[in-house]
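Please look through the structure shown here before reading on.

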Amino acid sequence: MILALKRILLALFFIFIPTIALTQQPICQHCHETAMEQPVASLNKASSSEERGIGIQDLGELGNYIGNYGVISHYLEYLNDAMHWPAAANEETHYSFGLGLVVGVKRNVITSVIGGFAEKVDWTPKDGSRGHIFSGDVTAPPPDLTPFLAMSDNPETWPEGYYDEAGTWVSTPDERHWPGHFRIDLDPDSPTYGQEVPGEFISDRDIYAVFDDSQNNHPDGPVGIEVEQTALTYGRPYAEDALIFDFIIHNTSGRQLDSVYVGYYAVFRPDYDFEDWINIVDSNPNDDHHNPDFVYIFDKDNIETGAWESNTAPFGMIGLNVLNTPHDMGVTDFHYFNREIAPKTDEQMWPIITSNPTDPNLDLPEAIFHGNSRRVDTTDPDSVKKYYPNGAPINYYIMTGPVTLAQGETVNSSIAVIMGDAGTVPNAPDTTDLMQNMRLVQQMYARDYQGSGPPRTPHVSAAVGDKSVRLVWDAAAEKSVDVLTGARDFEGYKIYRSTDLGKTWSTPITNFFGSVIGYKPIKIFDLIDGIKGQDPAFNQSLGEDVGLQHSYIDSNLINGVEYWYCVTAYDKGNQNPDSLEQSYQSPLGRSTMQSHTVSVVPGVVAQNVKPPSFSPAIDTDGALAPIGGLCQGIVKVDIVQPDDITGDDYEITFTDSALSINGSDTSYTWGFNLDRISASTGDKTRLLDGHEFSDVSGDNLPIIDGFRLTMYNSPSGIEYMGWSKVNGDTCTFDWYTEKRTTNFQEVGEVITGYADYKIVVVDSTEATNVLLTDGVFGHVEHSHISIPIKAYDITNPEEPRDISQYMEVFDLRVQFPTSELLGPLGWDLTPGVAGYNPTPAIWWPDILAVYTDADTGKAHIWIKTQNGPADATPPSIGDEFTIRTYKPFRKEISYRFSTTPTTRAGKESIDLDEIRVVPDPYIVSNVMETSQFGKKLMFNHLPNECKIAIYTVAGDHIRTIEHLDNTGYEYWDMRSYNDQFIAYGLYVYVVSVPDGRKKVGKFLVIK
């Protein structure tokens, strides 16, 4: 699966070369001779091949490939990571040559692992897995095309549908659903305590599959067992050396099953000298189980030999910890043996898993049962030395049983594979690291495999340019909640760049002992919250309070070179000296299938290609003009994925029912809707519904159809209020709108609508007759009074509108004519007389209500006045008081814009003289080469469609390349049409375009 050429060669190397060259051990010869005829058969297995998929566990230090037919790990099965540890180890250091689930029912032993390539395949993917359990849409690169199982961090691997509670398939085209289980709510105060939390996963990558024994090759046929498999993978440091596998085993036989055994078969190898020892211990002496449950294999002399000698990474020991067992029985049976006598048939396996040394099908029971206990072998050092004085390639079964499974009953079984550094002392392997990692796994098991971890992994995309790359990512990580504390502890993003396909990520960070523990990012964006500098609990940066961004442009790159980028999210950690806990970040990318990892090659676009655009834009920043009135909100369109621009039209409208979540508080606020309007049919599709506006970063909104909006709303209320024109002395009249006292009865600020106003002081001949009411207790009409005021609506300053007739004066003296707390009835512009209130801190001031229309429900404003203080300077005739309000987004406002996808100009835009070959001269090895298979030359500044013919200077044809895409470059692997590398020397190239024009040039290849 994912049969990378290099790894195939390595696999064949180990299978076919004389074993003596690798191990100097005669015992190996027999093994390799036995395996020599197996590879071809394995690669042509037909059993349920269409339903098979693969999952990649590569986030931590322990890497593994897992299938959906009972093979948990097996290098010779997948020809890829099989308990590869640590990540920096060379490609030969795989510790697993077989690990599989075993279920035995009355001599019918269901397993797909018996050592070597899978010769016995009892477990097969559940019928219909492809498309129902995993999408099948994401596959390995050609020619392999193996589909990937459903992985929690890659929704494209999820099926478009789900099984309902009745087991009926519900199809949901274009809508994907996670087929597996979610994490359990651990908060005892939560109403969903002990239940699954929809949308939240257990590990950094959960991998889900279902298989059964419907094609069991036993003579009695299938038993009727279906298994849900969840593989848990962690990138966080405390769990990076372990992988957890959880199995839910269903009795689907339609009958009660007796004498059922459930367990695992393991074939682990630390280096390939086949001089290993084994030990089993109790991982939790305080539980109710009496038998040990943690088995580990280690190299007897603790020296890497053979193909492992060149490994500079730590040498490990590998353990298997049984965490959960059917009916909580614990481990009941454990037996180990030299791989030379490993059982191959059900008849041979059944007596081992059921601990029956007298079964006649066993040829050498004394080589399988060790010690005084019939059911659990002893592994004390003296016994192991007795049985294997020089060590041996040791296989083992670890089982639980017998149990009875009622019709339809479900039981659980789970294990962890744990690695530990064995140290460097010959003949003295050190278990300290292994046991520490085992204890951490036990703690996670007690918490349903959950622990503090990083925020949600970002989804990243990239657009390339000339010597540049633009990265964009989503903001989902910022809403992550720590599963243990319940806190939103997101802190920032770190950006990494790799030039070796993700093997390393630029400058390494090492610990005190010189071991690489991380890499230095090229950029950090973090919250401005005072959490910055060096993490006191780990050698990494917490940022420098620069603020968040969701895009980044990396410049000064080399065109034609492949770069990998990874954007991780990290949390705050805990800087309390009494309880330090490091900041956790997303694991660095190991594959471009991961949502936060992308592979790009910068270069120029084709000469005649016009980039996508949108219209109308009113400024260079892409701000749009509102429709339906004035608006001070800012709407920008940013094209971030040029290839995804549709050419459709879009409309933005506004709603006051957007859901806002702040911590545990939820509320409704103003938000926006985004609709796509098809350019061909006019059909409208809602893309965003009631979405919140942009945050301070300006680029946190989701990417839609290749663009991202920036939506900044303006404040509401008064933008400016004051005397804007004074003819005489400076007026000090105190007019205001806000609430100034603590009196609960005082009216607060009243501003309805978004009009601007101008109030002009006039003489008595122009005074306005307005209604005088109490204005608070029901608009009790009193009388009309004359006030020396004119009011205008100046929302459109070019066309001011007289609204004087719609004014009204509110005076509490109308309702309380004898009150000693109120000023005289009336309203004027002279301090200390009519309308003056000497005790404003106790009671309401008078109010001037100015309406823009006879409909008082429309835009209006209440202006409070005390006409003073008593010594205030009154206004002069002709003085103007101006009120301008903010113009935020609102329902009557909308925005529209149209997009134009990438287009191609005519032939007149093609300048053949711009075409170049780089590098020229080509010197082996140039920077574009990433491996011995990576020789390549780049033709640059091409049009979108052309042919490139390459000749020797003597005129011999070497190769013709067709270029048919929007990039302005094309690579040549420097091989001829018959797949031979070219010789050093001078070559001629001819670039032809469809209109018949040609460009002839030369390039040189030298050592």
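Predicted model: local features only at pLDDT ≥ 70, side-chain atom pairs only at ≥ 80, totals over all residues.

Residues are numbered from 1 along each chain as its sequence is written, and side-chain values use heavy atoms, with hydrogens and water left out.

Helices (H or I, at least four residues) and strands (E, at least two) are DSSP runs, numbered from the N terminus. Helix α9 covers residues 432-446, and because its 15 residues should span 21 Å at 1.5 Å a residue, the 22 Å between its end C-alpha atoms agrees with expectation; the expected span is 1.5 Å times one less than the number of residues. Leu434, Met435, Asn437, Met438, Val441, Gln442 and Met444 of α9 are buried, where buried means under 20% relative accessible area, exposed over 50%, and partly exposed in between, with a 1.4 Å probe and protein chains only. The cover over these buried residues includes strands β13 (242-251), β15 (276-281), β16 (294-299), β17 (316-324) and β20 (410-421).

Elsewhere, five strands form an open sheet in the order β38-β49-β41-β44-β45, with antiparallel pairing. Its edge strands, each pairing on one side only, are β38 (718-725) and β45 (801-802); two strands pair if DSSP finds at least two bridges between them. Between β38 and the antiparallel strand β49 (residues 880-885) there are six bridges, and Ile718 has Thr885 in β49 as its bridge partner.

Gly60 sits in the loop between β1 (54-57) and β2 (63-67), and with a relative accessible area of 4% this glycine is buried. Which residues touch Gly60, leaving aside its neighbours within four places in sequence? They are Ala87, Tyr234, Gly235, Glu240 and Arg590, where contact means heavy atoms within 4.5 Å. Pro237 lies 177 residues from Gly60 in sequence, yet their C-alpha atoms are 7.5 Å apart in space.

Most residues other than glycine have a negative phi, and most peptide bonds are trans.

| Residue | Phi |
|---|---|
| Asn427 | near 60° |
| Asp448 | about 55° |
| Asp545 | about 60° |

The bond from Trp85 to Pro86 is cis, with omega near -15°, and Pro86 belongs to the loop between β4 (82-84) and β5 (96-105). The bond from Pro142 to Pro143 is also cis, with omega near 5°, and Pro143 is in the loop between α6 (129-132) and β8 (150-151).

Finally, the second largest pocket holds about 1200 Å³ of space. Its lining has 42 residues, with Gly199, Glu200, Phe201, Arg456 and Val481 nearest its centre. On a 1 Å grid over the protein atoms alone, a pocket is an open set of points where a 1.4 Å probe fits, with protein on both sides within 12 Å along at least five of seven lines, and lining residues have an atom within 4 Å of a point.

Methods. Points joined across faces, edges and corners; volume = space filled by probe spheres on them.
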